[in-house]
Amino acid sequence: MKVFREWSWQEHKLAIVGLVSGLFFACAQPGLAMPETEADSASAPDPEEVRRFLEQLTLDAEALEAIDQAVVRLGSDRFAERYLASVYLARLPVLPRTRLEEAMVGAPLDKRLRLAQIFKANTPEHTDSMILRAMEVVMEGELRGLLPEVIAALDGRELDAGWDACVRACEVTATEADVDLLGRTLSSPTTIVRAGSAAALIKLRGGGAVEQLKPLVD
């Protein structure tokens, strides 16, 4: 989620000028567009662009701190700060709903209403669709070397659809350098991560992966 952190709140405040001319602030943020597939563009997707997008799907400690600050600003006396915080949260690729629900407890009514609107705008289905689109880009572009980012994006998620794309993305992007990582993620508590890791390990090791996969069978 480096794109959001690169913007200081001072820069966000300057963007409020766009309201006067009817511009929607969220459209002004660079780097949030979903990477194009080969069907969308004549050129193959840029692996580094896809890597950056996948990183946005992972909430690390720094990203969570920025989100917490935005939640605080939802209660600001200044309209500009409230508005920019709302847009920021509504545009997050991944919204930590449980974290925000906890923030609603005991909050003033106006802040709770703003959070409720954010929940409506940024749904779990929205996040799932972005994840699946990213997996399709990796798969269709046959982008190698992105397994750590792919695994991180899938970790902790139980998707209702798109399993084939997720598993295939893990298989396509895995390289020999990922063998140790796959050995660890085979025991992941996330079902789709285990499935993708097994497929990737079979691709890399063939029959040699049998011993490592036995615990999954058991």
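**Entry 1: the whole chain**

Before counting, I noted that helices are DSSP runs of at least four residues, strands are runs of at least two, and both are numbered from the N terminus. I also reminded myself that this is a predicted model.

How many helices and strands are in the chain? I found 13 helices and zero strands. Reading along the sequence, I wrote the pattern down as α-α-α-α-α-α-α-α-α-α-α-α-α.

Next I looked up burial. Of the 218 residues in the chain, 44% count as buried. I then turned to contacts between residues at least 6 apart in sequence, and 73% of them join residues at least 24 apart.

**Entry 2: an aromatic pair**

Why does the pair count as stacked? The ring centres of Phe-79 and Tyr-83 are 5.9 Å apart and their planes meet at 25°, so the pair is stacked. The cut-off I needed here is that planes under 30 degrees apart count as stacked.

Where do the two residues sit? Phe-79 and Tyr-83 are in helix H5, which covers residues 79-90, and because they are four residues apart there, about one helical turn separates them. I checked Tyr-83 for burial too: its relative accessibility is 16%, so Tyr-83 counts as buried.

Is Ser-76 buried or exposed? With a relative accessible area of 14%, Ser-76 is buried; the limit for buried is under 20%.

I followed its side chain and saw that it reaches the backbone nitrogen of Arg-78 at 3.0 Å. Leaving out residues up to four places away in sequence, I listed Glu-81 and Arg-82 as the residues that Ser-76 touches.

**Entry 3: helices H6 and H7**

I reminded myself that two packed helices are described by the angle between their axes and the distance between the axes. Helix H6 (residues 97-104) and helix H7 (residues 109-121) have axes that come within 10 Å and cross at roughly 160°. Angles over 145 degrees count as roughly antiparallel, and H6 and H7 are therefore roughly antiparallel to each other. I noted their crossing as left-handed.

Which residues make the contact? From H6 I wrote down Arg-97, Leu-100, Glu-101 and Met-104, and from H7 I wrote down Arg-112, Leu-115 and Phe-119.

**Entry 4: two residues of helix H8**

I started with Thr-127, which has its place in helix H8 (residues 124-141). Its relative accessibility is 6%, so Thr-127 counts as buried. The side chain of Thr-127 reaches the backbone oxygen of Pro-93 at 3.0 Å. Not counting residues up to four places away in sequence, Thr-127 touches Pro-93, Val-94, Leu-95, Asn-122 and Arg-157.

Then I moved to Ser-129, which also lies in helix H8. Ser-129 is partly exposed, at a relative accessible area of 40%, whereas Thr-127 is buried. A polar atom in the side chain of Ser-129 lies 2.7 Å from the backbone oxygen of His-126.

How far apart are the C-alpha atoms of Ser-129 and Gly-162? They are separated by 9.0 Å, and the two residues are 33 residues apart along the chain.

How values were computed. Residues are numbered from 1 along each chain as its sequence is written. This is a predicted model: local features need pLDDT of at least 70, side-chain atom pairs count only at pLDDT 80 or more; totals for chains, interfaces and linings use all residues. Side-chain values use heavy atoms; hydrogens and water are left out. Rings of Phe, Tyr and Trp (its six-membered ring) pair if their centres lie within 6.5 Å; planes under 30 degrees apart count as stacked, over 60 as edge-to-face and the rest as tilted. Buried means under 20% relative accessible area, exposed over 50%, partly exposed in between (1.4 Å probe, protein chains only). A polar contact is a pair of N or O atoms within 3.5 Å; within protein, one must be able to donate a hydrogen and the other to accept it, and residues adjacent in sequence count only if both atoms are side-chain atoms. Contact means heavy atoms within 4.5 Å. Axes are lines fitted to C-alpha atoms, for helices over the stretch in contact, and angles run from 0 to 180 degrees between N-to-C directions. Angles under 35 degrees count as roughly parallel, over 145 as roughly antiparallel, 65 to 115 as roughly perpendicular and the rest as oblique. A crossing is left-handed if the near helix is turned anticlockwise from the far one by less than a right angle, and right-handed if clockwise.
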